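Welcome! Let us walk through this structure together, one group of residues at a time.

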Amino acid sequence: MIIAVIDSGIDQSDVMLRGIQIKSKTVELHHKNKHGTNIVKIIVRDNLIEQFISIQILDENNKGQLNLLIEAIEYCIENNVDVINLSLGLVSISCSRLDLLYNTIKNCIDCLNDNGRLCVITFHSLEDRAV
């Protein structure tokens with residue numbers, strides 16, 4: 001099973017991740033945000049998963065761009081990832097961009113489900129809007 005973590009990147013030097021195969025689609029972790037690393041540690045702690053793809057779309061300020069998220073999701077689908085883990089949060093976004101995000105995620109879920117795969121998404125908005 002291959003799990004993709006679309007997040008802040010994964011620190012492969014973390015002691016708890018020794019022996020875990022992590023393919024990185026992005027640059028080396030260049031900031032101290034450990035969210036992506038912590039997500040993988042939780043997954044590894046509770047499951048016998050040994051293969052991850054780290055897709056870093058967040059910068060040192062924990063900010064990302066919608067186009068990078070879309071590219072990451074498309075990469076996962078093209079590379080037959082079994083599970084995509086996304087942790088999303090929004091500060092502000094236009095309605096048209098929110099629609100694009102919603103449609104992209106819905107298409108991702110539909111495509112993965114059609115092929116017996118899974119997309120796990122946690123989402124919060126600082127504006128208390130439900131998506």
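This is a predicted model: local features need pLDDT of at least 70, side-chain atom pairs count only at pLDDT 80 or more; totals for chains, interfaces and linings use all residues.

Which side chain meets that of Arg45 in a salt bridge? The partner is Asp46, at 3.2 Å from N to O; a salt bridge here is a side-chain nitrogen of Lys or Arg within 4 Å of a carboxyl oxygen of Asp or Glu. Arg45 is exposed, with a relative accessible area of 55%.

Residues are numbered from 1 along each chain as its sequence is written, and side-chain values use heavy atoms, with hydrogens and water left out.

Side chains of opposite charge can pair when their charged atoms come close. Searching the whole structure gives four salt bridges. One of them joins the side chains of Asp11 and Lys34, at 2.6 Å from N to O. This pair links distant parts of the chain, 23 residues apart: Asp11 sits in the loop between strand S1 (3-7) and strand S2 (21-24), and Lys34 in the loop between S2 and helix H1 (35-46). These elements are DSSP runs numbered from the N terminus, with helices (H or I) of at least four residues and strands (E) of at least two. Asp11 is buried at 16% relative accessible area, whereas Lys34 is partly exposed at 36%.

Another salt bridge brings together the side chains of Lys41 and Asp14, with 3.3 Å from N to O. Here too distant parts of the chain are linked, since Lys41 belongs to helix H1 and Asp14 to the loop between S1 and S2, 27 residues apart. Lys41 is partly exposed, at 22%, and Asp14 is buried, at 17%.

Now let us look at H1 itself. Its 12 residues should span 16 Å at 1.5 Å a residue, and its end C-alpha atoms are 17 Å apart, which agrees; the expected span is 1.5 Å times one less than the number of residues. Which residues of H1 are buried? They are Gly36, Thr37, Ile39, Val40, Ile43 and Val44. Seen down the helix axis, these buried residues fall within an arc of 160 degrees, so they line one face of H1; the arc is that of the directions from the helix axis to the C-beta atoms. An α-helix has 3.6 residues a turn, so residues three or four places apart point the same way.

The backbone nitrogen of Gly36 is 3.0 Å from a polar atom of the Ser8 side chain. Ser8 is buried, with 0% relative accessible area. Its side chain makes a polar contact with the side chain of Asp7 (3.3 Å). A polar contact is a pair of N or O atoms within 3.5 Å; within protein, one must be able to donate a hydrogen and the other to accept it, and residues adjacent in sequence count only if both atoms are side-chain atoms.

Our last stop is Lys23 in strand S2, partly exposed at 43%. The side chain of Lys23 makes a polar contact with that of Tyr75 (3.1 Å).

Technical notes:
Buried means under 20% relative accessible area, exposed over 50%, partly exposed in between (1.4 Å probe, protein chains only).
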